[in-house]
Amino acid sequence: MQRELIKGNEAIVKAAILGGCRAFYGYPITPASEIAEAAALYMPQAGGVFVQAESEVAAINMIYGAASAGVRSMTASSGPGLSLMQEGFSYLAGSELPCVVADIMRGGPGLGNIAPEQGDYHQIVKCGGHGNYRTLVLAPDSVQEMCDLTLEAFDLADRYRNPVVVLADGYIGQMMEPVAFPDTAVQPEAPSWAVTGTAATRKNLVTSIYLEPDVLERHVRKLEAKYRCAERDAVRFESCETEDADIVLMGYGIVARVLKEAVKEARAQGLRVGLLRPITLYPFPVAEIRRVAAHAQAFAVVEMSTGQMVDDVRLALEGLRPVEFYSRVGGNVPATDAVLAFVRDTLVKHVHAAEVMHA
């Protein structure tokens, strides 16, 4: 594979095309605008379709149409645009239509600013649309993973017939790094359930409406079973120095890059600190968190939000271990020195105090 120096946002589009995506519908918004720009350039060259929709509401509903025809399709936006798409997410999930959506997070609430943040976690991971549905969520921490996880997102979308979100903060979208793209491209065929306008697919029906309560209940239970399968088979995470860690750091996206450096420096100072990075935010690595908790004394969560993923860490632990939280917001990224000070405070509070008690 030949490596190419490329921006994260552009890497998503090239990976999508290599992954068989042939339809992109979007509306520009900072810090995600380069995705639409790159799609407008590359998608027609690959024999695909690019449409700049009149709004994010239109874009997500265009995805519904393309996905119904069995075309691998995607869109991309940032916080305010994702807010407008939430009804469409519900319809796509309810109709079991695969697609990929990239969310390049900016500061909020409201218009906020265009600086990177991680405040979309609740909206995306917990699902801001109506009804009982879930979206699978992948969180890259490098430009290489913007490529790799976009490719995986299309495979997961098809496997579970469900929307999949690539959730990245603005730093990962805007930074440039070398990326090794695959040498071969995927050439997907229309699935058997698609509606392609042929006699063979005339019997197919794509819908999310089930007027009889018992029928809707069976459908929702079917979706629920599918999500339980994803929770068993689709979990992805990265573990670093966790096997003997007293304190386990947790973070995703650009924050995880800072935490990796903090772990290196802590280890150099003789502190037993590790990192557990969720790559899938849903399904969340609950089993791995509980496994590590068997020996770790405490967990320390760092986010560029006022605390959203930290709730899932606490739920996973069910009170087994204390969880401390450190945050920056507004587009500020936690500094390594500040994280190390946070780690030392956590060690004093939960590890050294326990050693004194048992002395």
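Modeller: Helices (H or I, at least four residues) and strands (E, at least two) are DSSP runs, and they are numbered from the N terminus. What we have here is a predicted model, in which local features need pLDDT of at least 70 and side-chain atom pairs count only at pLDDT 80 or more, whereas totals for chains, interfaces and linings use all residues. Residues are numbered from 1 along each chain as its sequence is written, and side-chain values use heavy atoms, with hydrogens and water left out.

Colleague: How many helices and strands does the chain have, and what radius of gyration would a compact globule with 359 residues have?

Modeller: The chain has 12 helices and 15 strands. The radius of gyration is taken over C-alpha atoms, and the globule rule is 2.2 Å times the number of residues to the power 0.38. For 359 residues a compact globule would be near 21 Å, and the 21 Å of the chain agrees with that. Along the principal axes, the C-alpha atoms fill a box of roughly 80 × 50 × 40 Å. With contact meaning heavy atoms within 4.5 Å, 80% of the contacts between residues at least 6 apart in sequence join residues at least 24 apart.

Colleague: How is burial read, and what share of the chain do buried residues make up?

Modeller: Buried means under 20% relative accessible area, exposed means over 50%, and partly exposed is in between (1.4 Å probe, protein chains only). By that scale, buried residues make up 54% of the 359 residues in the chain.

Colleague: Let us turn to a helix: how many residues does α6 have, and how far does it reach?

Modeller: The expected span of a helix is 1.5 Å times one less than its number of residues. Helix α6 (residues 143-160) has 18 residues and reaches 25 Å from its first C-alpha to its last, close to the expected 26 Å. An α-helix has 3.6 residues a turn, so residues three or four places apart point the same way. With that in mind, look along the buried residues of α6, which include V143, M146, C147, T150, L151, F154, A157 and Y160.

Colleague: Which peptide bonds are cis?

Modeller: One runs from G108 to P109, with omega near 5 degrees, and P109 is found in the loop between β5 (99-107) and β6 (113-116). Another joins Y282 and P283, where omega is about 0 degrees, and P283 has its place in the loop between β13 (280-282) and α10 (286-292).

Colleague: Where do charges sit over rings, and over the face of which residue does R161 lie?

Modeller: A charge sits over a ring if NZ of Lys or CZ of Arg is within 6 Å of the ring centre and within 35 degrees of the ring normal. R161 lies over the face of W193, at 4.3 Å from the ring centre, while R134 lies over the face of Y282, at 3.9 Å from the ring centre.

Colleague: Finally, how many aromatic pairs are there, and why is the pair of F24 and F50 classed as it is?

Modeller: Rings of Phe, Tyr and Trp (its six-membered ring) pair if their centres lie within 6.5 Å, and planes under 30 degrees apart count as stacked, over 60 as edge-to-face and the rest as tilted. By this rule the count comes to three aromatic pairs. The ring centres of F24 and F50 are 5.9 Å apart and their planes lie at 20 degrees, so this pair is stacked. Because F24 lies in strand β2 (residues 23-26) and F50 in strand β3 (residues 49-52), the pair ties together parts that are 26 residues apart in sequence. F24 is buried, with a relative accessible area of 0%, whereas F50 counts as partly exposed at 22%. Another pair is Y121 with Y252, whose ring centres are 5.9 Å apart with planes at 45 degrees, so that pair is tilted. Y121 and Y252 are both buried.
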